[in-house]
Amino acid sequence: MKKIAGSIEAVVLHAETLETEIKKFVDGLPYWEKYIADIILKGSTISDDIIEKAYNFLLEELKLKAVTTKPEITINYNLGNSGSYKHDLQFTKLENVEGVNALTENQVIDFCPNLTIIYGANGSGKSGYVRLLKNAFYSKAPEEIIKNIHLENSHKPINAKFTFHSNGTDIPLIYPSNSASVEFEQYAVFDGKSVALHLDRINELEFRPAGLGFFANFTEAIKKVEIKLNTDIANKQSGYTLDDLIGLFEGGSEFKTVIQNISDKTKIDDLKKYTPFSDEDRADKTKIEKQYDELLLASKGKEKEITTFEGIKKILGENRKHIEAINCYFESEYLSKITTAINDWVNKEAIAKAEGIENFKTDKILNIGTAEWKDFIISAGQFAKNQKEENIVYPENGDYCLLCHQPLSEDAQKLIRDYWTFIKSVAEENVRKAQKKLDNLKVAFEKLTFDLFPAENILTVWLGEKHPAILDHIKQKLAEQKALAEYIISDIQTKKVNTRNETKISFTDHDNIEAEIDALIQMLRENKQSIQLEKFLKEKTRLAHKEKFNTHFSKFEKYINNQVWIKNAKKANFGKRKITEKEKALCDKFFNKKYIDTFNQECVNLNGSFGIEINHTGSAGKSYRQLKLKGNNPYAILSEGEQKVIAIADFLSEMQLSEVNRGIIFDDPVTSLDETRKSEIAERLVKESLSKQVIIFTHDLILVSSLIGACEESKVSSDVHWIEKLENKPGTVWLKNSPSFEKLYKKSGKAQCYYDEATKLGPEQREDKIKNGFAALRTSYESLVVFDLFKGVVQRFNERVSVDSLSNVFFTTDIRDDLLNSFYQCCRYMEGHSHSDKYAYKKPTLENLNDEILRFNAIKNKIANLEKTNK
């Protein structure tokens, strides 16, 4: 008792020392790191929100963000807190497996709280289940899950239902949908492919005490904060570089010099002295650009340019004459002349109506005296002249009407002659003259040409390039004159007097352009353009740079702010090395020694003391180990069996040190081992099942026998399931069914138990019990052959042949035939088995199971009676 108490006291001392050391380490950290450490030590998860908050605290420390009032952090250390891990977790069931290799669907595997054995021959489907578990749980050698290669298409996605149990509650989880759940982290798988990895390389210790696990979690969180800072630095560096900003300015100016010298030391207020770019600056820029361009163009071909300018000036003069001619029609005096002409016609038309038209009015014809009527009379007179020879007047006696071709009466002849007289009267002549005057005015306006600037015209192109505003202004005034001309024509046509205002085009623009052209021609002739060009270019560049400086001011401001931010950000010290060094020191003190002691003890337990040495290293909050044999790789020195023993010892040692692991799974752990080694490993694994679940997949009957025997000796509960390949399809599972073992299947008790349970269930649940009952009965027949008929002379799971037992062997051909017939009768009720025509499959009923149990008991009694008879 003292020794045990001393051990407990030592563990407590270590825990307290570890807590003290970690607290001391955390208390010396900056606030933002202490904030993260406190969250981890409280057993809480480091969420994205926590990282964001810590990052903001770091920015405050670096003076990249306004300092806030922060609560004081008092470090509370909870060594026993394992977060969401469950210390009473049990893996209870695996079912609904789909899309894994070619495994038969709708199978269920139940798992015992202590030891579960899944037995099956090679190719029976064990590997498919192991691949699934190696992907779902921790494994050093996970393998890709292969789809059913016998199907060309219609592959189902990988899917399986894992049921765990904790705190009295079932926890159903679907893989892979819920693969991130912590329950999957509490189980580990060991198989043959893991052996080399345990021996041939440096391995990270996946499971460590919660205290030491702090450093890995802390380092991971620090990395996330560092990544955020580096990402923000990269984002700020990915914007405009200084070269990009300088490249905005072509040529030299004071503005470019300012940009060339900006850095994290530049004051934004100093830059603001060069703002703003005013409307006055913009107007000066436009003016100087125009002057520069014209002078530059002129300087490239002086004589040619002089000729060009003189040509433009001549065309401009002609344009001026056209406009002067047009302006005459829109002066007040000319507009008054039009008004007078319209009034004159109106007055004379009224006199003509008063003098003669009244004599022609009649009720028989409407609208006498209208313009249409007059036009008709005039046209008829002209037509009548064409009917007679010269100097003979129409009509005469005997003439016909020009319209109806009827003879004209004397009254009709007189009426027509009166028409001719009316048309020739003085009043009508005056009206005709007034109309002709109006017609002449109308024609004059219709002939006016307002399109003085056609698109391809030399003057139009030149003005469009040099003086677009002036060109638009003159064209607008011409458009106004054209519209006025159309109104005047309408007034003449309708004989209406409307007030029309004088609309003339000013020649101020013409005068300015002509003066500018004269100045350019004079400059070209005096050869002063080179000096002037340099002045224009310097001012043009200055104003262009000033405009760009103001346009891109926000970029300069952002660049400076970013440089200040980056400079301060790079002062951050994440101290990952100090974390690693502290972790390594504590690991050496509290963990590595314990692992070495545990590993050495496991080697003793497994009779594997081969002189293995362990090298420990640490990096970024993680611990690593490598096994050595006198400086060499054990994988290259030890035999295959010895390698497996050492690898199992390494695996068990790591799992023992884990505070979260609740179960270990083995796939054929005794391959290449002799019977003694198999027995030793079986005993060790049964012992391990007292503290955590142990699940073993195997095809080795000796191991199965050794495991069951060790469980019986240690009074450890266990379940054995049988997995088979039936009709070329692997993965059929027979629950609580196993190869023949003397105490389990020598009688029909297992089958009878299933029968008794089935009688108490409904049809759906009853069918499963009946199926398992026939499977148990089949195994009982096998046991009957091995132990009753042949008295255990040869056993499948035992290498030894019991020759002495031959003296107790008695049977007849009748017994043989009865046994074979009964066995096949039993198998016909089992789905998946191959059946002959004689024993075709038949769906089993409760009565069938009872009948077959009675048949089995009868044969067993017959064999027993034969033995008594022959003794």
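Predicted model: local features only at pLDDT ≥ 70, side-chain atom pairs only at ≥ 80, totals over all residues.

Q: Which way do the residues of S3 point?
A: Leu 115, Ile 117 and Tyr 119 point one way from S3, while Thr 116 and Ile 118 point the other way. All of them are buried.

Q: What sheet is formed, and in which order do the strands come?
A: Seven strands make an open sheet, in the order S4-S7-S11-S12-S3-S13-S14. The pairing in this sheet is mixed.

Q: And which strands stand at the edges?
A: Strand S4 (138–139) and strand S14 (729–734) do. Each has a single partner strand, so one side of each is left without a neighbour in the sheet.

Q: Back to S3: how many bridges join it to S12?
A: Five bridges join strand S3 (residues 115–119) to strand S12 (residues 693–698), and the two run parallel. Within this pairing, Ile 118 stands opposite Phe 697, and Tyr 119 stands opposite Thr 698.

Q: What about S13?
A: S3 is also joined by five bridges to strand S13 (residues 718–726), again running parallel. Here Thr 116 stands opposite Asp 719.

Q: Which helix lies across S3?
A: Helix H24 (residues 675–688) lies across S3, strand S11 (663–667) and S12. The helix runs at about 145° to S12.

Q: New topic: how many residues does the largest nonpolar core have?
A: The largest nonpolar core has 66 residues. Those with the most contacts inside it are Leu 115, Phe 666, Ile 696, Leu 707 and Tyr 781.

Q: Which helix gives the most to this core?
A: Helix H23 (residues 640–657) does, with nine residues. Apart from this core lies another, of 43 residues, which includes Leu 438, Leu 478, Leu 484 and Ile 489.

Q: What does Tyr 781 touch?
A: Leaving aside residues up to four places away in sequence, Tyr 781 touches Leu 819, Ser 822, Phe 823, Cys 826, Glu 852, Arg 855, Phe 856 and Ile 859.

Q: Now the other sheet: what is the order of the four strands?
A: The four strands form an open sheet in the order S2-S1-S5-S6, with antiparallel pairing. Strand S2 (108–110) and strand S6 (169–175) are the edge strands, each pairing on one side only. The twist averages 15° from one strand to the next.

Q: How many bridges link S1 and S2, and what packs on that sheet?
A: Strand S1 (residues 90–98) and S2 pair over three bridges, and Leu 94 has Ile 109 as its bridge partner in S2. H4 packs on the sheet and touches S1, S2, S5 and S6. The direction of H4 makes about 120° with that of S1.

Q: One last topic: how many aromatic pairs are there?
A: The count comes to 41 aromatic pairs. One of them is the pair of Phe 137 and Phe 162, which is edge-to-face, with 5.7 Å centre to centre and 80° between the planes. This pair links distant parts of the chain, 25 residues apart: Phe 137 is in the loop between helix H4 (126–136) and S4, and Phe 162 is in strand S5 (residues 159–166).

Q: Are Phe 137 and Phe 162 buried or exposed?
A: Phe 137 counts as buried at 5% relative accessibility, and Phe 162 is buried with a relative accessible area of 0%.

Key
Residues numbered from 1 in each chain as written. Heavy atoms only, no water. Core = buried A, V, L, I, M, F, W, Y, C linked by side-chain atoms within 4.5 Å. Buried < 20%, exposed > 50% of the residue type's maximum accessible area, 1.4 Å probe, protein only. Contact = heavy atoms within 4.5 Å. Pairing = 2+ DSSP bridges. Axes fitted to C-alpha atoms, helices over the stretch in contact; angles between N-to-C directions. Phe/Tyr/Trp six-rings, centres within 6.5 Å; stacked < 30°, edge-to-face > 60°.
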